[in-house]
Amino acid sequence: MSDIDEKQMILYAQMANLVSLILQWPDINLKEIAENFSKLACNAHTVCDGELRPLGTGLYPVISIINHSCLPNAVLVFEGRTAVVRAIQHIPIGSEVMISYIETAGNTMTRQKALIEQYFFNCACPRCVKMGQSDDVIESAILEGYRCKGEGCNGFMLRDSDDKGFICQKCGLLRDKEEVRQIANEIKTLSNKVENLAASGVYGGVHPLLGLQYYTCGKLEWFLGETYDAVRSLTKAADILRITHGTNTQFMKELLFKLEEARAEACYKEAS
Ligand SMILES: C[S@@+](CC[C@H](N)C(=O)[O-])C[C@H]1O[C@@H](n2cnc3c(N)ncnc32)[C@H](O)[C@@H]1O
């Protein structure tokens with residue numbers, strides 16, 4: 001038994017014990033409960049909102065028969081509590097529909113670790129088999145993402161709740177407007193690089209995270225008064241996300257509404 005298996009087994013046994021303590025049933029079968037936790041972990045999916053923020057965990061029997069690939073041909077999204085699988089490329093008859101269980105924007109080592117720890121398998125998808133090759137090394141560098149530049153801190157920067165700037169989730173460092181501008185440029189450069197990779201087939205063409213990156217970038221550009229750039233980014237976001245998310249969700253309606261608003265503002269600016 002590997003260290004990971006042992007750690008997970010201990011965790012499930014502890015969780016089963018907790019259930020037993022809460023329920024206080026005389027004939028409770030601890031082994032069965034621990035096994036059920038283990039089955040749940042392998043078969044459940046994280047329910048997310050339109051912007052892929054996790055809301056909870058759900059068990060969907062039909063969805064749980066779908067295998068994983070880090071280069072999937074379909075995506076799993078949620079419309080409220082309803083799970084929807086959408087093709088993101090043409091899937092020939094007889095080919096397996098595959099979704100990603102994890103964040104595909106991680107580098108190969110990070111993805112492999114996540115899959116082993118939660119799903120107990122070694123992924124041999126077309127991206128994972130390239131581990132260590134030059135393509136994989138370049139991809140890792142691109143996927144490092146935006147990190148806090150605070151001394152000694154490597155936390156991630158996220159938009160703060162007031163939408164005034166970016167705040168590090170680890171050390172609390174706040175970035176001012178000029179730095180937000182730099183971040184927008186970095187995201188744009190990153191998105192363009194990811195788009196180039198997508199075009200070369202590494203991401204399979206359409207990816208919800210790429211669409212969300214354009215969406216974030218468009219909102220930032222709009223916030224900075226760069227309306228034409230915002231229209232361009234929001235249009236790219238809409239082109240991708242209408243495939244991965246459909247057009248009927250509240251999230252997409254908001255995006256399309258923002259795009260219309262940005263277009264109207266751009267027209268007004270041009271006319272005045
Ligand atoms: C949600 S289930 C998927 C359906 C499962 N293959 C079945 O037949 O019921 C998740 C489990 O399937 C297996 N699995 C999924 N994708 C895989 C892949 N690409 N390679 C190997 N095993 C995979 C792993 O054992 C994982 O824990």
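This is a predicted model: local features need pLDDT of at least 70, side-chain atom pairs count only at pLDDT 80 or more; totals for chains, interfaces and linings use all residues.
A crossing of two helices is called left-handed if the near helix is turned anticlockwise from the far one by less than a right angle, and right-handed if clockwise. Residue numbers start from 1 along each chain, following the sequence as written.

First, the overall picture. The protein chain has 8 helices and 7 strands; these are DSSP runs numbered from the N terminus, with helices being H or I of at least four residues and strands E of at least two. Take the contacts between residues at least 6 apart in sequence: 47% of them join residues at least 24 apart. Contact here is a pair of C-beta atoms, placed from the backbone, within 7 Å.

Now back to those helices. H7 covers residues 227-245 and H8 covers 250-271, and their axes come within 9 Å and cross at roughly 155°. That makes H7 roughly antiparallel to H8, because angles over 145 degrees get that label, while under 35 is roughly parallel, 65 to 115 roughly perpendicular and the rest oblique. The axes are lines fitted to C-alpha atoms, for helices over the stretch in contact, with angles from 0 to 180 degrees between N-to-C directions. Residues on the H7 side include Val231, Leu234, Ala238 and Leu241, and among those they meet in H8 are Leu255, Leu259 and Ala262. By class, this contact has 14 nonpolar, 3 polar and 5 charged residues. Ala, Val, Leu, Ile, Met, Phe, Trp, Tyr, Cys and Pro count as nonpolar, Asp, Glu, Lys and Arg as charged, and the others, Gly among them, as polar.

H7 has another partner in H6 (residues 208-223), with axes that come within 7 Å and cross at roughly 155°. That makes H6 roughly antiparallel to H7, and the crossing is left-handed. Leu210, Tyr214 and Trp222 are among the H6 residues in the contact, and Ala230, Leu234 and Ile240 are among those in H7. This contact has 11 nonpolar, 5 polar and 3 charged residues.

Next, the ligand. Its surroundings include Cys42, Asn43, His68, Tyr119, Phe120 and Cys123, where a residue is near a molecule if its C-beta atom, placed from the backbone, lies within 6 Å of it. The shell has 6 nonpolar, 5 polar and no charged residues.

Phi of Phe120 is near 60°, a positive value in a residue other than glycine. Most residues other than glycine have a negative phi. Phe120 is in the loop between H3 (108-119) and H4 (134-143), and counts as partly exposed because it has 14 C-beta neighbours inside 10 Å.

Gln24 also has a positive phi, near 55°, and is found in the loop between H1 (3-23) and H2 (30-43). With 7 C-beta neighbours inside 10 Å, Gln24 counts as exposed. Asn29 is found in the loop between H1 and H2, and its 12 C-beta neighbours inside 10 Å make Asn29 exposed. The C-alpha atoms of Asn29 and Asn17 are separated by 9.9 Å, with the two residues 12 apart along the chain.

Definitions and conventions
Two residues are in contact if their C-beta atoms, placed from the backbone, lie within 7 Å. A residue is buried if 20 or more other C-beta atoms lie within 10 Å of its own, exposed if 12 or fewer, and partly exposed in between; C-beta atoms are placed from the backbone.
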